[in-house]
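Thanks for making the time, everyone.

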Amino acid sequence: MRTRLAVLLVGTALTFGMTISAVAQDKVTDKNVKIGVLTDLSGLYADLGGEGSVVAAEMAADDSGLKAKGWKIDVISADHQNKPDIGAGIARRWIDTDKVDIIADVPNSGVALAVNNIVKEKNNILLDSGAGSSELTNTQCTPNTVHFTYDTYMLAQSTGGAMVKAGGDTWFFITADYAFGHALENDTTAVVKANGGKVLGSVKAPLGTADFSSYLLQAQASKAKVIGLANAGGDTTNSIKQAAEFGIVKGGQKLAGLLMFISDVHSLGLNVAQGLNLSETFYWDTNDQTRAFSKRFSERLKTHAMPTMVHAGVYAGLLHYFKALEALGGNPHDGAKVVAKMKEMPTDDPLFGKGVIRIDGRAIHPAFLFEVKTPAESKGPWDLYKLIGTTPGDQAFRPLSESKCPLVKH
């Protein structure tokens with residue numbers, strides 16, 4: 001009896017030990033990944049993010065090469081409706097219930113800042129490509145967030161700085177009344193003043209405003225040389241269309257689209273948009289690699305549109321995320337650990353080229369100043385830009401010496 005009991009206990013212990021070992025090993029070599037694309041599927045940012053961001057995420061999963069190596073990658077999506085409470089609720093459910101490993105895209109800075117806090121609390125990952133607030137890598141930076149593509153500091157440096165140097169030294173802002181608009185106005189104001197310009201005034205417009213007439217009339221009455229549109233998406237296109245109706249540009253004032261996307265320019269048409277200066281970090285017709293990606297993207301998207309820089313950022317950011325997971329030997333389901341690996345490894349992708357992710361979470365790559373072509377210069381529906389200038393990555397984004405990110409040691 002004693003011998004049998006001893007054998008039984010030893011066998012049980014061995015089995016239990018093997019089970020614990022297997023579980024521990026599985027945690028190290030787990031090759032399951034779930035991506036949540038949190039975007040605007042129905043509102044004013046649907047064209048610059050939306051379904052295109054979902055397609056970009058799926059393409060990154062396919063192009064990573066991990067599926068052929070036995071990895072299982074799922075992509076899910078949801079519409080945050082540009083409401084921080086809805087976006088935050090989706091993020092919590094995804095992390096707690098659906099076991100999402102990384103939340104991508106998130107246009108709308110109000111939503112992004114809310115999700116930013118949640119992923120830190122839950123030790124998840126935010127890979128933001130759609131939101132513009134530079135505070136994501138400044139005062140609100142966390143070890144769990146990576147900010148790809150663009151931000152308000154870069155837009156101010158590239159577009160605002162160039163226009164002041166060209167003689168546009170007095171400004172009036174029409175600003176979207178939420179986190180992104182405020183940050184863009186503040187960052188551009190700093191650049192304008194640093195270059196010897198003046199801000200004559202500003203007015204705040206609710207997100208999704210249909211009628212900009214009262215705001216445009218105030219801007220017109222200010223006599224400012226430049227009217228800075230610190231908004232995005234449908235707000236920007238509505239502003240520009242209505243400014244044309246008021247004859248603002250014909251009257252001698254210039255419009256600065258501080259954040260415009262190729263989807264906006266395409267929607268406006270060259271007759272309205274020609275001559276506008278704007279900054280982007282990606283353009284589909286830059287080189288053979290960007291053209292090849294954009295052709296595949298357009299074929300997969302229902303509208304057959306060319307990708308925006310937001311779509312490019314979702315794709316490139318996730319490619320780098322997958323490289324980090326492979327370097328770790330599996331998915332540790334530990335957000336801070338994965339982000340640390342992403343920062344450790346140089347970025348290198350076909351859309352943005354070579355770069356780095358800094359300690360503050362800011363992805364560094366060049367920014368480009370474009371001018372919208374005239375109808376006579378364009379050779380096709382998406383042949384919209386001509387390159388005016390390039391700002392190197394180390395000059396385009398806020399230097400670490402000016403950062404208020406708690407991760408940065410001064």
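Predicted model: local features only at pLDDT ≥ 70, side-chain atom pairs only at ≥ 80, totals over all residues.

Just after helix H8, Gly 247 takes a positive phi of about 70°; helices here are DSSP runs of H or I with at least four residues, strands are E runs of at least two, and both are numbered from the N terminus. Residues are numbered from 1 along each chain as its sequence is written, and side-chain values use heavy atoms, with hydrogens and water left out.

Now to the helix itself. H8 has 12 residues, 234-245, and reaches 17 Å from its first C-alpha to its last, close to the 16 Å expected, where the expected span is 1.5 Å times one less than the number of residues.

Which residues of H8 are buried? They are Asp 235, Thr 236, Thr 237, Ser 239, Ile 240, Gln 242 and Ala 243, buried meaning under 20% relative accessible area with a 1.4 Å probe, protein chains only. Their cover includes helices H7 (213-221), H9 (262-268) and H10 (270-273), together with strands S8 (226-230) and S9 (254-257), judged by contact, that is, heavy atoms within 4.5 Å.

Stepping back, the protein has 14 helices and 15 strands, and buried residues make up 55% of its 410 residues. Among contacts between residues at least 6 apart in sequence, 71% join residues at least 24 apart. Along its principal axes, the C-alpha trace spans about 105 × 45 × 35 Å.

Definitions and conventions
Buried < 20%, exposed > 50% of the residue type's maximum accessible area, 1.4 Å probe, protein only.
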